[in-house]
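Welcome! Please take a look at the structure below, and then we will walk through it together.

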Amino acid sequence: MQLYEILENIVKIMAQYAIVLFEIVGVIIIAFSGIHGVYNYVRRDPMTRLKLAKGMAMGLEFKLGSEILRTVLVRELSEIMIVGAIILLRAALTFLIHWEIKNEEAETEANMSVHHESESPETEK
C-alpha cells in the first residue's frame, strides 16, 4: 500500500505543477493577444479580429487543459460539478471563438477574391 500512496502523491504533485504551468501560459497568451490586438487595431489592420480570435482560442485551450487536469485532484462530488461546469463554459467559449474564426476567414477570403478580381485586367473587350 505504501507504493500506491507514493505514486498517487507523485501524480498529484505533477498535476498541480502542470495546472499552474498551463494557467500561466494561457494567461500570457491571452494577454499578449490582447495587447497585439490593440496594436493591430490602432494600425487599422483588417485582420485584427481574426488574429485576436486565434490568440484567444489558443489561450483558452491551455486554460481548458488546466481544468481537465484539475479533475485529477478533486475528491468530492461538489468539486467535480464545479470543475465540470467550468470545463463546459470554457469549451463553449472555445467553440464560439473557433466558429468566429471560421466565419472571419471565410469573409476575408471572399473579400480577397473580390479584391483580386477587381484588380485583374479585362481580357475580353
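## Overall fold

How many helices and how many strands are there in the protein chain? The protein chain has three helices and zero strands, where helices (H or I, at least four residues) and strands (E, at least two) are DSSP runs numbered from the N terminus. From the N terminus on, the order is α-α-α. With a radius of gyration of 22 Å, well over the 14 Å that the globule rule gives for 125 residues, the protein chain is more spread out than a compact globule. That radius is taken over C-alpha atoms, and the globule rule is 2.2 Å times the number of residues to the power 0.38. Along the principal axes, the C-alpha atoms fill a box of roughly 90 × 25 × 25 Å.

This is a predicted model, in which local features need pLDDT of at least 70, side-chain atom pairs count only at pLDDT 80 or more, and totals for chains, interfaces and linings use all residues. Residues are numbered from 1 along each chain as its sequence is written, and side-chain values use heavy atoms, leaving out hydrogens and water.

## An aromatic pair

Phenylalanine 22 and phenylalanine 62 form an aromatic pair that is edge-to-face, at 6.0 Å centre to centre with 75° between the planes. Rings of Phe, Tyr and Trp (its six-membered ring) pair if their centres lie within 6.5 Å; planes under 30 degrees apart count as stacked, over 60 as edge-to-face and the rest as tilted.

Phenylalanine 22 lies in helix H1 (residues 2-42) and phenylalanine 62 in helix H2 (residues 48-70), so the pair ties together parts that are 40 residues apart in sequence.
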